[in-house]
Amino acid sequence: MNDFAAIDFETANSHRKSVCSVGIVIVKNQKVSDTFYELIRPAPNYYCDWATEIHGLTYHDTAHADPFPVVWQKIAPVLTNLPLVAHNSSFDEGCLRSVFEYYGMSYPDYEFFCTCRQSRKVFPELPDHRLDTVAGHIGFDLKNHHHALADALACAEIAKIIL
C-alpha cells in the first residue's frame, strides 16, 4: 500500500464516542507527507482515572478544545480517497463510527486496514502484537506511547512494511 492515512484515537472514558485526541499521518508514495494532531472535547466530557493513566489527558486539557465535528471538518478533506490504517482498527473504527453517530453526522464508509491483525500473520514469532512490540520489532522507537500522533506514526511505519 503506497498511499494511506494512519489514524489513532484516545478516549476519555469507556464510551467509544468519547474521543479526546486524534493523530493522523498521511503517507503518499510510502513517505510521510503530512501529520495532524488535535485535542477534542469529548462527549460525554468526563475522564476515567484509568484513561488518564494511559494517555495522560484530563478534563482540563480538553475543556476548551473543539468538539469532534469542528475538528473533523479540518481532517476530512485530506482523507479523501485514502484508506485508513490503525493498529487494532476495530477500536479506532468503532470510535469513528460512534462519534459520527453521536453527532448525527453521515459516515462516509472509510475503508480500514489493521496493522495488528496483519502483524500476527507477518510476525507470528512475537510474544504479543501490541503497537509498541511491533514497532520495536521493525526498528521504530515509539516514544510517548498512547499519544495519538506518536501511535499514528508508529502505525504508519508498520503499515509501510507489512501492508
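Trp 72 touches Ile 7, Phe 9, Leu 79, Leu 96, Phe 100, Met 105 and Tyr 110, leaving out residues up to four places away in sequence. Contact here means heavy atoms within 4.5 Å. The model is predicted: local features need pLDDT of at least 70, side-chain atom pairs count only at pLDDT 80 or more, and totals for chains, interfaces and linings use all residues. Residues are numbered from 1 along each chain as its sequence is written, and side-chain values use heavy atoms, with hydrogens and water left out.

**Core.** The largest nonpolar core holds 23 residues. Such a core is a set of buried Ala, Val, Leu, Ile, Met, Phe, Trp, Tyr and Cys residues joined through side-chain atoms within 4.5 Å. Trp 72 is among the residues with the most contacts inside this core, as are Ile 7, Phe 9, Phe 68, Leu 79, Leu 96 and Tyr 110. Two or more residues each come from β1 (4-11), β2 (19-28), α3 (68-79), β4 (84-86) and α4 (89-102). The largest share, five residues, is from α3. Helices (H or I, at least four residues) and strands (E, at least two) are DSSP runs, numbered from the N terminus.

Buried means under 20% relative accessible area, exposed over 50%, partly exposed in between (1.4 Å probe, protein chains only).

| Residue | Element | Relative accessible area |
|---|---|---|
| His 55 | α1 (residues 49-55) | 15% |
| Thr 115 | α5 (residues 115-122) | 0% |
| Gly 23 | β2 | 0% |

The side chain of His 55 reaches the backbone oxygen of Thr 11 at 2.8 Å. Neighbours within four places aside, His 55 also contacts Glu 10, Cys 20, Tyr 47 and His 146.

Gly 23 touches Ala 6, Ile 7, Asp 8, Phe 36, Tyr 37, Ala 148, Leu 149 and Ala 152, not counting residues up to four places away in sequence. Gly 23 and Ala 12 are 11 residues apart in sequence and 15 Å apart in space, C-alpha to C-alpha.

**Helix pair.** The axes of α5 and α7 (residues 148-162) come within 10 Å and cross at roughly 45°. So α5 is oblique to α7. Axes are lines fitted to C-alpha atoms, for helices over the stretch in contact, with angles from 0 to 180 degrees between N-to-C directions. Under 35 degrees is roughly parallel, over 145 roughly antiparallel, 65 to 115 roughly perpendicular, and the rest oblique. On the α5 side, Thr 115, Gln 118, Ser 119 and Val 122 meet Cys 155, Ile 158, Ala 159 and Ile 162 of α7. Beyond four places in sequence, the contacts of Thr 115 also include Val 85, Ala 86, His 87 and Leu 163.

Definitions and conventions. A polar contact is a pair of N or O atoms within 3.5 Å; within protein, one must be able to donate a hydrogen and the other to accept it, and residues adjacent in sequence count only if both atoms are side-chain atoms.
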